[in-house]
Amino acid sequence: MGMSCCEERERPRKSCAPVHANAGFAAGVLFALLVYFLVRQQTSISAATTAALAQWSTVKQLIRAPGETQLIKAPGEILVTSDVHRVADKQPIQDTDNGKVVCTTEDHSRGLSGTCEVEGDVRTNGTALSVSLVPVSWSERHEWMISPYTRIGQSLRAVTVMQLQDRAAAPSCTLTHTMPAIMFGIGGYVGNYWHEYADILVPLFVAARRYHGEVTFLVSNIQHMPRWLVKYRALLQGLSKYGVVDMDRDAYVRCFPRVSVGLRLDKDLSIVPELVPGGRLAMADFTRFVRETYALPRGAVTMEPYKKPRLLLIQRVTSRQFLNEPEIARAAEAAGFEVAVTDLRHNGSEVEQARVVNSFDVVLGVHGAGLTNAVHLPPGGVLIQVVPYGKIEPMARLDFSEPATDMGLKYLDYSVSAEESSLLEKLGPEHPAIKDPDSIHRSGWTTVYESYLMQSVRINTTRFAPTLEQAFNHLRKH
């Protein structure tokens, strides 16, 4: 049993009155503490509510309603209409983790550059051409050098991608974006029609399509070919609702939730659906995008009764010319085609050229960049590639065979014999380029190019007739 306050058990006798007084004093202290706690709690709740409202107000200012934009004309920007806001450097609206950087290394076997995906509090600096991930808490510092162009060995300025150690090392934001960005460069083989599509436009479509226009393009090395942006303005605007930022002239530190550095090229002039970020896309989706963007009228080949299918014969201006173009045209007409001949010098606009090609059912030409116009053919059409002499079929087919098939086209090729090549008359039958093509290939790419890609061809139309017949029979099924 417990003792009462007045019990005596082996203890000196004590008075109970003082104990009652002490209990009253304790009760008073407890009451005062309770009142103080309640008042402090109310004050804390009020302060927390005020802070939450302030934070909500800040978020509301940073995140605008869909379609609500602000026109910004800043140095280094071209036609920039975006969700950019001038704000002080703030804690990014994101999870509490440090974000992440995922980079791929250069693929030297295929000659491809590395890429980086940077997600979190990401800051770009045009002056330094850098992309920095700013951590919430301390993190190890890492750095990567990434070419903004898809193929290695080009003279573009590399982008420095950094994972910083802490926020103190980060440049302050001067412009904050709520959408992601894709950074790439113009250079390398730009100017060659095939490379413009294979190296930039198709990979850019793969990288940007998942954002449904809500993405900003950060472009370096624009001075290499400023007209490229004009030439492909419609396609760029079809992928982004916002203007292009010239990174070489950009004076701002821009903050993004995500930045892709470099463009990933999985397959030349085509797409590997399983490797597309954010969902499956195929090359047929790209050509559909081009047709829709350029408002091309024909989305499929249709054979109308009593109307001949149309064949476009591309005649190159310098090397790899058809030396008997009229004879080839007559052979195509005899096979049942309506024939037109063009050199496609790109003097007109890209859209006008695309509409011309889209009106045909077949494109025929010697291996070269002009065959890239196959992207404008209606699905079900035919691409016929004439492969120059010199055992360059593997290269020629890599460039156009699988890509054409992936576009939904019928691909055919015709390999030129030594007797059909201008090299035989120029070099003679005993020259290694005629007698032993393998020795030329062992000498390296420069020798291959000078030996076999500078020739012209005189097609044996009797030998070529079965290829034309195959093309016609394919179209007749539609």
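Tutor: Let's start with V363, which lies in strand β16 (residues 362–366); strands are DSSP runs of E, at least two residues, and helices are runs of H or I, at least four, both numbered from the N terminus. This is a predicted model, where local features need pLDDT of at least 70, side-chain atom pairs count only at pLDDT 80 or more, and totals for chains, interfaces and linings use all residues. Residues are numbered from 1 along each chain as its sequence is written, and side-chain values use heavy atoms, leaving out hydrogens and water.

Student: Is V363 buried or exposed?

Tutor: Buried means under 20% relative accessible area, exposed over 50%, partly exposed in between (1.4 Å probe, protein chains only). V363 has 0%, so it counts as buried. Across the 478 residues of the protein chain, 47% are buried.

Student: Which residues does V363 touch?

Tutor: Contact means heavy atoms within 4.5 Å. Not counting residues up to four places away in sequence, V363 touches L312, I314, V357, L371, L377, V382, L383 and I384. Take L377: 14 residues from V363 in sequence, with the C-alphas 8.0 Å apart.

Student: And the surface: which residues form a nonpolar patch there?

Tutor: Like charges are joined within 9 Å, nonpolar side chains (Val, Leu, Ile, Met, Phe, Trp, Tyr) within 5 Å. Here W445, Y449 and M454 make one, with about 330 Å² of accessible area together (Shrake-Rupley, 1.4 Å probe; for residues, only the protein chains shown count as cover). W445 sits in helix α12 (residues 445–452).

How values were computed: Patches are made of residues with over 30% relative accessible area and no salt bridge: like charges are joined within 9 Å, nonpolar side chains (Val, Leu, Ile, Met, Phe, Trp, Tyr) within 5 Å. A salt bridge is a side-chain nitrogen of Lys or Arg within 4 Å of a carboxyl oxygen of Asp or Glu.
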